[in-house]
Amino acid sequence: MSQFSLGATKNDAGVVVRACPDGPLLVRGADTVMDEDGSEHAVTRPVVAVCACGKSSRKPWCDSTHKSIR
Amino acid sequence: MQLPLERGPISRHVIATLANGEEQASPLALGTGAVVDDADTQLALWTIYELHYRGFDGIPADREWDLGLLTLRRDIEARFERELRDGTRDRLVVVPSDGDIGRQLMDLVAADDSPSPAAFLQRRASREQLLDYLRERSVQQLKESDAQSFVLPRLDGPAKAALAELQYDEYGGGRPERLHATLYADALDAAGLDRTYGAYIDDVSALSLACANAMTMFGLNRRLRGAAMGHLAAFEASSSVPSRKIAAGMERVGFPDAVAAYFHEHVEADAVHEHLASSDICGAMVADDPSLRDDVLFGAASCLLLDALSGGELLERWTSGLEQAS
Ligand code: FES
Ligand SMILES: [Fe+2]
Ligand SMILES: [Fe+2]
């Protein structure tokens, strides 16, 4: 099982992360994403957008709130 | 689905030739007026296109390739495309002509300041107006993402892989009950509307048909594959925030959870899809073939234009109703 946790410097093999300018992190290949409280969230899409701005109301997922705080 | 009801001479011609089982549709000249907001022409085009999707009850499947209907379709498409090109020129002149295509697409979307129905749906719309919105959008959402699937075999490499990735999510990630079109049907159902494919075809406006038809026109014409993917990028990039508002509106009037669930899903999904479409798909297409850049931008601007026209029409309908009521 591969996992991506926010703030991790190294990801398990097979997990690819890309930062979108002023937006979320696009994560491919993870089975779960861990939020800031340490709870795991199952990944149900081929790619997920993980909030990087800290303002999403659906963390760990991006809900596009970053667009209104640019 | 059943054939729709005619809305004028062009749709009458199309529907009659199908209903009467003619060998081939006879030629028909279009009038001179604009087609983008003409219900008759848009319904004719929608009906011809539908032969490529699910067809109509009792109509032989080979009418899909009726040369008379294909000729009429090309005539309508030529007109429709020209009107979209004319109508998007102003939006496109302000986009710098080079640079990162993903950035250009985002700038184009950000520059759109047309009033959106989402805020109205969130705060003010009545139950009946929310139902109206669900009905109007049903002609495109019950075949959600299908037009873009026509583009897959026309792409290769990273762009194809990214579109497949996006479509897999639209198609439920391997879970039929999570197909976005099925989530929309569930939302219709939960709101007390008819979930049947095509159920509201006779009720929706010309511009709702035009929004659906533009996607099909771009999807079915290989020449316009750049526009198809630019349209997708703008569509995805202008969905997540409005979906959050519409979900709140659906909850405000107390519809069952399945209604808002469709929109909640799009808050999250389209926050991903916008990046896939603009960078991974359009970025890869333009890197591979720079001549596609203009059409990618044209497709995106067309999506924004049609959304603005259709959104404006709905807002006008709802707010003039409010004034009458007060
Ligand atoms: S990055 Fe999108 S909401 Fe935080
Ligand atoms: Fe979707
Ligand atoms: Fe999407």
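A charge sits over a ring if NZ of Lys or CZ of Arg is within 6 Å of the ring centre and within 35 degrees of the ring normal. In this predicted model, R85(B) lies over the face of F298(B), at 3.9 Å from the ring centre. Local features need pLDDT of at least 70, side-chain atom pairs count only at pLDDT 80 or more, and totals for chains, interfaces and linings use all residues. Residues are numbered from 1 along each chain as its sequence is written, chains are lettered from A and ligands numbered from 1 in the order in which they are written, and side-chain values use heavy atoms, with hydrogens and water left out.

**Charges over rings**

- Besides the contact of R85(B) with F298(B), the charged end of R54(B) sits over the ring of Y197(B), 4.1 Å from its centre.

**Aromatic pairs**

- Over all chains there are six aromatic pairs; rings of Phe, Tyr and Trp (its six-membered ring) pair if their centres lie within 6.5 Å, and planes under 30 degrees apart count as stacked, over 60 as edge-to-face and the rest as tilted.
- One of these pairs is F120(B) with W318(B), which is stacked, with 5.7 Å centre to centre and 15° between the planes.
- F120(B) belongs to helix α5 (residues 117–123) of chain B and W318(B) to helix α14 (residues 293–325) of chain B, so the pair ties together parts that are 198 residues apart in sequence. Helices (H or I, at least four residues) and strands (E, at least two) are DSSP runs, numbered from the N terminus.
- Both F120(B) and W318(B) are buried; buried means under 20% relative accessible area, exposed over 50%, and partly exposed in between (1.4 Å probe, protein chains only).
- Together with Y133(B), the residues F120(B) and W318(B) form one aromatic cluster.

**Salt bridges**

- The count comes to 25 salt bridges over all chains, where a salt bridge is a side-chain nitrogen of Lys or Arg within 4 Å of a carboxyl oxygen of Asp or Glu.
- One of them connects R45(A) and E265(B), at 2.9 Å from N to O. R45(A) lies in the loop between β5 (40–42) and β6 (47–50) of chain A and E265(B) in helix α13 (residues 257–288) of chain B, so the pair joins two chains.
- R45(A) is buried at 10% relative accessibility, and E265(B) is buried at 10% relative accessibility.
- A network of salt bridges links R45(A), D169(B), R178(B), E265(B) and E268(B).
- D132(B) and R317(B) form a salt bridge whose closest N and O atoms are 2.8 Å apart. This pair links distant parts of the chain, with D132(B) in helix α6 (residues 127–141) of chain B and R317(B) in helix α14 of chain B, 185 residues apart.
- D132(B) is buried, with a relative accessible area of 12%, whereas R317(B) is partly exposed, at 33%.

**Backbone features**

- Most residues other than glycine have a negative phi, and most peptide bonds are trans.
- A cis peptide bond joins K59(A) and P60(A), with omega about 10°; P60(A) is in the segment after β6 of chain A.
- D22(A), a residue other than glycine, has a positive phi near 55°. D22(A) is located in the loop between β2 (16–19) and β3 (25–28) of chain A and is partly exposed, with a relative accessible area of 48%.
- S145(B) is not a glycine, yet its phi is positive, at about 75°. S145(B) lies in the loop between α6 and α7 (146–149) of chain B and is buried, with a relative accessible area of 9%.
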